[in-house]
Structures are given as C-alpha cells and as structure tokens.
Amino acid sequence: MEERKGFGSNFGFLMAAVGSAVGLGNIWGFPNKMGANGGFTFLIIYLLLAACCGLIVMIGELALGRKTGKGAVGAYKILSKKFRWLGWLGILSAFLILFFYCALGGYCIKYVVLNVGNLFGAGFGSNGLNGAEVFGAFMGNQMEAVIYGLIFVLLTMLIVMGGVGGGIEKVCSVGMPALFIILLICIIRACTLPGAVDGLKYMFVPGWALEHGVIDKAPDLLTVLSTAGGQMFFSLSLGMGAMITYGSYLNKKENIEKNALLIVIMDTMVALMAGLCVIPGRFALDPTGKLGGPSLLFVTMQNVFDNMPLGSVFGILFYLLVVFAAISSSISLLEVIVAHFCDKAREKGKGDKRKAYSLIAAAAVGVGCILVCLDCLGGAGISPFNILGMNPENGLPMWSDCWLDFFDCISEGILMPLGALLMCLCIGWEIGPKVVDEEVTLEGQNFKLRGFFNICVKIITPLGMLLVLYGQIKDFFF
Ligand code: PHE
C-alpha cells in the first residue's frame, strides 16, 4: 500500500493546526462577542471553557487521529461500535462551514483588490463611496461575488491538492508567521489612533458596553456561557474532525499534550490581538460602525481605512491578513473531506487519488458557495425560509434570514458542540480515556494533565457542552 505522507516537522504541524484555528472566527467573532458580553468577565469564562473543554477535546481529537492514522470517518470506525458513524457528522459540518467560509474568503480577496485600486487611484477602488455604499454595490453584483467566492475555492483546492506536507504545511509555515507580523503592524497602527482607548475599554472593562449604549441590555449568564462556548469550538476548529485529521498526519515522536496546549494558547492570543487591531479603529474612526459579522469587516473596517492616512496600504495589509487566516482554515476543512476519500482509495491499493478527490470535493463546495454568494447575505430574496415558504412571523423556528446564517447556525451552533459532546462520551464512557493516555505517552512522554483530562472528558466537558448546546438552541428558538 502506498505510504500515507504526513507533516515534515513539528513546526509545520503546529503552524497548520494554528492556521486552522486562527480564522474569520477570531477576527470578527471574538472581539465583538467579548465586548458585548461583559468584556473581562467573558474572557475569564472563555478561558475556563477553553481549559476544561477546548483543551480536552483538542487532546482527544489529536490522539484519536494519530492513534488510528485515519481521517475522522476512518478513526471512529476503527475505534468505536456505538459511534462508528460520528466521522460523517464531521464531513457534513466541513461542507456546511466551507459553503459560507469560502464566500466570505472571496469577499476578503475582493477587498484586497479594492484597496489596491485605492492605492493607485484606479477605477476598481472605492471611488469616493463610503464603506456601506461600496459593500452595498458589491452585494448588488451577484456575479462578482460568485467569481471571488470561486477564486477562493480554487485556491483552497490547489493547496489541498499539493498534499499535507507539500501544500498545507508549506503554505502555513510561511503564511502564519507572516500573518503574525502583519497583525502586529496593524495593532500598533490601530492602538495609536486618537480615541482608540475607548475600544480597549469596550473590550476589557466589564459593563462598559452597556453603560455607553453600545449594547442595550446586559446578557444573562447562560447567554454569555453559550456564546463563549460556541465561539470557542468554532475558533479552535473542534468537534468536526479537523484536528483528528491533522493529528493523523502527526509524527509518533511528537508531544500531543504540548502541541494541544500551544494551539489553544496561540489561538486565544491571536483572537485577543485581532481585537486590539479591529476594535480601536472602529471607536476612533467610525464610532457608529457595526462591531460584528460581515459588516464589521467589510463596512466598518473599510471606513476606518478610508479615514486614515495611508489607509489603502493598511487596508491591503489587513485584508491580506484576513485572506491568509481564512485560507489556512479552509484548507483544513477541505482536508477533512479529502483525507477520508484518499484513505479509502489507498486501502483499495489505488494510490491516494488526492488530486481527483480534491477536485470533486471542491466542486461540491463550489456549488454551496455559489448559493451563499448569490444570496448576497439575504439581500437577493432567495434565502432559506423564502425557498421553504416559511413565514418568519408565524412563530415557526427562525434562525436566520440568509443562507450564510443558516449554514453557520447548523454547523457552529449545533453540529460542532454536538460532535464534541459525542466524542467525549465515546472516549470517556465507551473506549475509555486509557486509549488517549496510551497515545499521548507513546514515546515515554509525561502526561501531566492525566488526572484533569480523565475527570473532564468523562464529566465536566460533556456537562459544559450540554449547557452550551442548550443555550444555543434556546437562543435560536426564543
Ligand atoms: N477555526 C476557524 C476560525 O476561527 C474556523 C474553522 C472551524 C476551521 C472548523 C476549521 C474547522 O475561523
């Protein structure tokens, strides 16, 4: 059977895993959710959840992947009777996330191009329009959105075609350090703007957002908990097999516990840093601008750049950073799908057919991405409830009024916490934490968190996840 090629070095693995974790979730999700949900209080809850749930699921996923040497589907099939189907949930999540992630990645590419246009005073810049007008015009042009979305899908596909060591590792080993440097430059610029300090207060001072009218009502504890929990799973790429898949390519010599800890710490650090970059700009230069979601990135931030000396240079740097962050995440999503089919082909002794499977998976992703792009964030009137003929006012479940939110709610809101919950039940109560323990200590490494891991995986993490899931579902329906 043909050899299954993995990461060339631990650094390469770490950069790929951190690249998967660091993405759009960090840049627009974290800073805004933190500010709107009590600042420092949110941070403490997030860190507790990251330690008791995120880190545990991370160690579990990496260990299951490396032990079996298979993608998510194969891994559960080998390990478990009751949960042998669980990997498919991961593949489903990967598709749903990719549908909207690639559309947004496409928007980011468009904004790099737009700021290049601004720099040279070319016709494809913002041409004197403000952020909302530019974005409105872009959203009114379905074809353009589709083309950029597909360019993003194509880039993702080409990297995944290059394989784990050749494509993913190479891109991330260069892209991630570059992202870090660009982020530092943008933070220095943002935090030295006059008025930036309000942004820092919004993010870090408990209750500041409420007192200053940025939000109108204080969130209750369950909302804070489920917001922090949902954010954490999405941000750490957990509960859908991405880390199982990357773990399966990790060398047996490397230390799983240390890597898991580093990924969690670096991802949280970048989320905080992204906040220091986007939030002060908004408070200094576009005080009424939206703080979260696509509008933060594509309206508020563009206004910030338009109001700043050398704004187009910073605009190019910033949107390039976001494109890097998004691509290093989307390749891990596509790899979840591709790895499974390659594994199967290899088992049948047909080589791994990576190129063919990458092409087929990307084509399927492209179809969903086109749908999200055509929908123009709900502006085009083809959103899910219109298609299903549901009336948002008749009391039927209403999660979203656009395809992007629809896919996001199902994947991030339900499938990922559910996937993580079931994984913990599988490790804690079916196959036993010993399986993870043996893999973590395979080459004589010390499993320092053993006791903590065992208690968490059996009891604390599943309970935490149930609470998160309950909060998310309650938020959708009520
Ligand atoms: N972690 C990525 C982000 O924060 C999103 C992602 C989720 C990537 C799941 C891979 C798997 O944007």
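In this predicted model, Tyr249 counts as buried, because its relative accessibility is 5%, which falls under the 20% limit used for that word. Phe7 is likewise counted as buried, at 9% relative accessibility.

These two residues also form an aromatic pair, with ring centres 6.3 Å apart and planes at 90°, so the pair is described as edge-to-face. Phe7 belongs to the segment before α1 (10-21), while Tyr249 sits in the loop between α12 (242-248) and α13 (256-285), so the contact ties together parts that are 242 residues apart in sequence.

Another aromatic pair, formed by Phe135 and Phe298, is stacked, with 5.5 Å from centre to centre and 15° between the planes. Because Phe135 lies in helix α6 (residues 131-139) and Phe298 in helix α14 (residues 293-306), this pair ties together parts that are 163 residues apart in sequence. The table lists how accessible these two residues are.

| Residue | Relative accessibility | Class |
|---|---|---|
| Phe135 | 7% | buried |
| Phe298 | 0% | buried |

Phe135 and Phe298 also belong to a cluster linked by ring pairs, whose other members include Tyr107, Tyr111, Phe138 and Tyr148. Across the model, the count comes to 29 aromatic pairs.

Which residues form a positive surface patch? The patch is made of Lys77, Arg84, Lys344, Lys348, Lys350 and Lys353. Of these, Lys348 is found in the loop between α15 (311-347) and α16 (354-375), and Lys348 counts as exposed because its relative accessible area is 55%, where exposed means over 50%.

How values were computed:
Residues are numbered from 1 along each chain as its sequence is written. This is a predicted model: local features need pLDDT of at least 70, side-chain atom pairs count only at pLDDT 80 or more; totals for chains, interfaces and linings use all residues. Side-chain values use heavy atoms; hydrogens and water are left out. Patches are made of residues with over 30% relative accessible area and no salt bridge: like charges are joined within 9 Å, nonpolar side chains (Val, Leu, Ile, Met, Phe, Trp, Tyr) within 5 Å. Accessible areas come from the Shrake-Rupley method with a 1.4 Å probe; for residues, only the protein chains shown count as cover. A salt bridge is a side-chain nitrogen of Lys or Arg within 4 Å of a carboxyl oxygen of Asp or Glu. Lys and Arg count as positive and Asp and Glu as negative; His and the chain ends are not counted. The place of a charge is taken as NZ of Lys, CZ of Arg, CG of Asp or CD of Glu. Helices (H or I, at least four residues) and strands (E, at least two) are DSSP runs, numbered from the N terminus. Buried means under 20% relative accessible area, exposed over 50%, partly exposed in between (1.4 Å probe, protein chains only). Rings of Phe, Tyr and Trp (its six-membered ring) pair if their centres lie within 6.5 Å; planes under 30 degrees apart count as stacked, over 60 as edge-to-face and the rest as tilted.
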